[in-house]
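Here's a quick tour of one protein model, written for someone who likes cut-offs spelled out. Have a look at the fold before reading on.

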Amino acid sequence: MRIDWDNVKRVLVVRLRSIGDTVLSTPSLIALRRFLPNAEIDILLEDWVAPVLDGFDAVDRIVIAGTTARTRITTSRELRRRKYDVAFNLHGGTTATFLTLASGARHRVGYAAYRYSALYNHRLASSSDFWGREKTHSAEQQLAMLGQVGVPVDDKPRSRLCVTPEAAASLAKKLASLNFDPEENYAVIHPIAAFDSKRWALANFAEVIRFINESGFRCIAVGSPGDEAELGRLRALCDSPLCATGDINLPETTALLSKAALFVGNDSGNAHMAAAVNTPSVVIYGSSNRHHWYPWTDAPAEMVFHELPCQPCAGYRCEVFDEPKCILSVRPEQVVAAVKKLLAEKRKGEQPAPAFP
């Protein structure tokens, strides 16, 4: 069944799960907005991650998925009332699939490899088939879904986030209370990750922070409120100045990253947020698939890792060694070398152009 795009008035994009997943949906949202400038484009997100798209101009409405059976029934009814013409499920999980079905959209688009794929009436080949190569990025995987039903995606838009005036103002107040001047050159450090196999040692971060301070940049380490203890341990390990806070929300984090000279952190949602505001980044990888999760940006970015034959893996626990050797084997000097490279590029870019007669 072909989609008559000329008569499409409402589109739903389903993208549940994490911060990084949400950020990496923005290229698809940009492609859709460009293709359908007059259509209503909504995205279905989980409540805790929805603020990351505050102010994002390629969507008209953010719908919250809900976390309980009752709230999901309410969400399903809300979706059906919207009368979507097309629904894309960018995430193949069971909940996302049933919410896509519940939307009542005439055209329900998903990959044939999804569970319960019979619930889609557009079941697509893999992104590898679309792009003509085996290894594809998460953003490419999502863009391929659009491309296979006629949305132009060949230029592969990069991820993008927006800074709202409200977030910029509230961030400025919080930084003032921390005696942190955002007008100085600064680096954002994110030492947090979901699994041990993605969490570089705090002592190693302390060494890198010392080098960044010696290079003339202030450092601020960020996390969520539940990360305060971890951030406190990092501060205690540092023998050089470090501002650290878990009290910066997602829109404020976007604002903070947008003005930073550098981001250094584990492979996490914050790394993708930094990429989406074109901040030069050094990202430290352990168990995850670098080919699928590297920073989707045109900004300078360095991936630091220690290659092992068992990579990538799910990362929940190490199945080969007694400890996550992948992330533990990354040395501070590797990360310092990556930081040096980006800072040298930054300084070269800031030099005045030579005068010619």
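This is a predicted model: local features need pLDDT of at least 70, side-chain atom pairs count only at pLDDT 80 or more; totals for chains, interfaces and linings use all residues.

Residues are numbered from 1 along each chain as its sequence is written, and side-chain values use heavy atoms, leaving out hydrogens and water.

## Rings

How many aromatic pairs does the structure hold? There are 10 aromatic pairs. Rings of Phe, Tyr and Trp (its six-membered ring) pair when their centres lie within 6.5 Å; planes under 30 degrees apart are stacked, over 60 edge-to-face, and the rest tilted. One of the pairs is W5 with F35, which is edge-to-face at 5.4 Å centre to centre and 75° between the planes. W5 sits in the segment before β1 (10-14) and F35 in helix α2 (residues 26-35), so this pair ties together parts that are 30 residues apart in sequence. Helices here are DSSP runs (H or I, at least four residues), as are strands (E, at least two), numbered from the N terminus.

For accessibility, buried means under 20% relative accessible area, exposed over 50%, and partly exposed in between (1.4 Å probe, protein chains only). On that scale W5 is buried at 11%, and F35 is partly exposed at 27%. Ring pairs also link W5, F35 and F88 into a cluster.

Then there's Y111 with Y114: the ring centres are 5.9 Å apart and the planes sit at 85°, so this pair is edge-to-face. Y111 is buried at 7% relative accessibility, and Y114 is buried at 14%.

Rings meet charges too. A charge counts as sitting over a ring if NZ of Lys or CZ of Arg is within 6 Å of the ring centre and within 35 degrees of the ring normal. Two such cases are tabulated here.

| Charged residue | Ring | Distance to ring centre |
|---|---|---|
| K156 | W131 | 4.5 Å |
| K325 | F321 | 5.3 Å |

## Helices

Helix α7 (residues 165-177) packs against helix α10 (residues 250-258) at an angle of about 80°, with the axes 8 Å apart. Axes are lines fitted to C-alpha atoms, for helices over the stretch in contact, and angles run from 0 to 180 degrees between N-to-C directions. The two helices, α7 and α10, are therefore roughly perpendicular to each other, a label that covers 65 to 115 degrees (under 35 is roughly parallel, over 145 roughly antiparallel, the rest oblique).

Which residues make the contact? From α7 they are A167, A168, S170, L171, K174 and L175, and from α10 they are P251, E252, A255 and L256. Contact means heavy atoms within 4.5 Å. By class, the α7 contact with α10 has seven nonpolar, one polar and two charged residues. Ala, Val, Leu, Ile, Met, Phe, Trp, Tyr, Cys and Pro count as nonpolar, Asp, Glu, Lys and Arg as charged, and the others, Gly among them, as polar.

In helix α4 (residues 94-102), the buried residues are A96, T97, L99, T100 and A102. These buried residues of α4 pack against β1, β2 (40-45), α3 (69-82), β4 (86-89) and β5 (107-111). Just after α4, G104 takes a positive phi of about 75°.

Q142 belongs to helix α6 (residues 138-147). Is Q142 buried or exposed? At 2% relative accessibility, Q142 counts as buried. Leaving aside residues up to four places away in sequence, Q142 touches R15, D21, L24, S25, S28 and L90.

## Loops and backbone

The loop between β12 (301-304) and α13 (325-328) holds F305, which is partly exposed at 27%. F305 and V330 are 25 residues apart in sequence, yet 5.8 Å apart in space, C-alpha to C-alpha. Not counting residues up to four places away in sequence, F305 touches Y285, R290, V330 and Q334. P312 lies in the loop between β12 and α13, and a cis peptide bond joins Q311 to P312, with omega about -10°.

Two non-glycine residues with positive phi are worth a look as well. R17 has a phi of about 95°; R17 lies in the loop between β1 and α1 (19-23) and is partly exposed at 47%. N179 has a phi of about 55°; N179 is in the loop between α7 and β7 (186-190) and is exposed at 66%.
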